[in-house]
Amino acid sequence: MANYQYDESGVLASYFVLSFLSLVLIPLTLSFIPQSQKSSKVAGCECKHCQEKAAKLRKANRRSIFKPQLGAKALFTAAGWAVFAILAYKVASTKLESTVYDPFAILGISSGTPEKDIKRHYKKLSLKFHPDK
């Protein structure tokens, strides 16, 4: 007998959304890692006063763990990871019921039934469960 498994519980849709979220969230999360700036030559004034002012501006604009800058990008990333965690939990906790497709069980007859009786029983059930009736 063929072993058909249909996605009646929507688990494959969750796998698709998890894949999509991981493709978006991983690079987005990695973009929060500060890049080291190794530019030794800065365009502008070379005087001591201007260099001190530029150093103060760099220090003020630098991100810190204690003073995070939460913007729309950070909130979107956090919400995305929350959705990712919920879907991952849903997929991990879903129990799949694997049943072998058995047309005899669907019709309610035994597997050794002659073909004539199968056709008669099928016709009787089709009249009973017809959508136009």
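Predicted model: local features only at pLDDT ≥ 70, side-chain atom pairs only at ≥ 80, totals over all residues.
Local features were considered at pLDDT of at least 70 and side-chain atom pairs at pLDDT 80 or more, whereas totals for chains, interfaces and linings use all residues. Residues are numbered from 1 along each chain as its sequence is written, and side-chain values use heavy atoms, with hydrogens and water left out.

The secondary structure of the protein consists of five helices and zero strands, where helices (H or I, at least four residues) and strands (E, at least two) are DSSP runs numbered from the N terminus. The order of elements from the N terminus is accordingly written α-α-α-α-α. Of the 133 residues in the protein, 11% are buried; this class denotes under 20% relative accessible area, with exposed denoting over 50% and partly exposed the range in between (1.4 Å probe, protein chains only). Among contacts (heavy atoms within 4.5 Å) between residues at least 6 apart in sequence, 76% join residues at least 24 apart.

The largest nonpolar core comprises five residues, namely Leu18, Leu21, Leu25, Leu87 and Val91. H1 and helix H3 (72-93) are the elements that give two or more residues to this core, and H1 provides the largest share, three residues. Such a core is a set of buried Ala, Val, Leu, Ile, Met, Phe, Trp, Tyr and Cys residues joined through side-chain atoms within 4.5 Å. When neighbours within four places in sequence are left aside, Leu18 is in contact with Phe84, Leu87, Ala88 and Val91.

A nonpolar patch on the surface is formed by Phe20, Leu23, Val24 and Phe76, which together have about 430 Å² of accessible area. Patches are made of residues with over 30% relative accessible area and no salt bridge, like charges being joined within 9 Å and nonpolar side chains (Val, Leu, Ile, Met, Phe, Trp, Tyr) within 5 Å. Helix H1 (residues 11-30) gives the most to the nonpolar patch, with three residues. Leu23 is found in helix H1 and is exposed, at a relative accessible area of 66%.

Side chains of opposite charge can pair when their charged atoms come close. Two salt bridges were counted, under the criterion of a side-chain nitrogen of Lys or Arg within 4 Å of a carboxyl oxygen of Asp or Glu. One joins the side chains of Lys119 and Glu115, with an N to O distance of 3.5 Å. Because Lys119 and Glu115 are four residues apart in helix H5 (residues 115-128), about one helical turn separates them; both are exposed. Asp117 forms a salt bridge with Arg120, the closest N and O atoms being 2.6 Å apart. These two residues, Asp117 and Arg120, also lie in helix H5, three residues apart, about one turn of the helix. Asp117 has 29% relative accessibility and therefore counts as partly exposed, whereas Arg120, at 58%, counts as exposed.

Thr113 is located in the loop between helix H4 (103-107) and H5. With a relative accessible area of 18%, Thr113 is buried. The side chain of Thr113 reaches the backbone oxygen of Ser110 at 2.8 Å.

Technical notes:
Polar contact = N/O pair within 3.5 Å; in protein donor to acceptor, adjacent residues only side chain to side chain. Areas by Shrake-Rupley, 256 points an atom, 1.4 Å probe, with all protein chains shown as cover.
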